[in-house]
Amino acid sequence: MDYDALAARIRALTEGETDEVALMATLACEIHHADDRFDWTGFYRVTAPDLLKIGPYQGGHGCLVIPFSRGVCGAAARERAVQLIPDVDAFPGHIACASSTRSELVIPVIGRGGRLIGVLDIDSDLPDAFTPEDADRLGAILDDTFGGC
């Protein structure tokens, strides 16, 4: 994937925008269509203490609510750490929102002042679809986009 082109496109589309939902919708669309490995791409937003709710996404239906105590998204939010899961069936407590998901990448979204806004969740129907470079480059795009929110 050409991460430099993706980052430039996202910067151009989101310049001056501060609304988090508008930013999430734009990023979900751009990231999802940037790579055929991405089967589901979306955001889960922190809406209450220790609770994520679905935000803008591309792909089939997602889970509506995920507590921080469950699943890959919950672990990313709880630990504020990237979750790079090559085989979701091997992840204890994985929540199967879609039976086709084989691997998953979840990145915490941190805003101004270190506030956890939510997580970016990318699912693939391919096993071991994601790399540390994917996590790093997408994390940089998230920091660039949401760091001032």
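This is a predicted model: local features need pLDDT of at least 70, side-chain atom pairs count only at pLDDT 80 or more; totals for chains, interfaces and linings use all residues.

Me: Which strand does β5 pair with over eight bridges?
Reply: Strand β5 covers residues 103–110. Three bridges join it to β4 (residues 83–85), and those two run antiparallel. The pairing over eight bridges is also antiparallel, and the partner there is β6, residues 116–124.

Me: Which residue of β5 stands opposite I85?
Reply: β4 consists of residues 83–85, and β4 is joined to β5 by three bridges. In β5, the residue opposite I85 is E104.

Me: What is the bridge partner of L105 in β6?
Reply: β5 and β6 form a hairpin with five residues between the strands. Within that stretch, G113 has a positive phi near 75°. Across the pairing, L105 has as its partner in β6 I122.

Me: How many residues of β5 are buried?
Reply: Strand β5 has eight residues and is mostly covered. The number of buried residues in β5 is seven.

Me: Which residues outside its sequence neighbourhood is I141 in contact with?
Reply: The largest nonpolar core has 24 residues, and I141 is among those that touch the most other members, with L27 and F146 also included. With neighbours within four places in sequence left aside, the contacts of I141 are Y3, L6, A7, I10 and L27.

Me: How many residues are in the other core, the one with L52 and F91?
Reply: This core lies apart from the largest one. A75 and V88 are among its members, together with L52 and F91. Its residue count is 19.

Me: Is I54 buried or exposed?
Reply: I54 is in strand β2, residues 51–58. Outside four places in sequence, I54 is in contact with W40, F43, Y44, R45, G62, C63 and L64. Its relative accessibility is 19%, and the cut-off for buried is under 20%, so I54 is buried.

Me: What separates the C-alpha atoms of I54 and G42?
Reply: The two residues are twelve apart along the chain. Their C-alpha separation is 8.0 Å.

Me: Is C29 buried or partly exposed?
Reply: C73, at a relative accessible area of 3%, is buried. C29 has a relative accessibility of 29%. Buried requires under 20%, so C29 is partly exposed.

Technical notes
Residues are numbered from 1 along each chain as its sequence is written. Side-chain values use heavy atoms; hydrogens and water are left out. Buried means under 20% relative accessible area, exposed over 50%, partly exposed in between (1.4 Å probe, protein chains only). Helices (H or I, at least four residues) and strands (E, at least two) are DSSP runs, numbered from the N terminus. Two strands pair if DSSP finds at least two bridges between them. A nonpolar core is a set of buried Ala, Val, Leu, Ile, Met, Phe, Trp, Tyr and Cys residues joined through side-chain atoms within 4.5 Å. Contact means heavy atoms within 4.5 Å.
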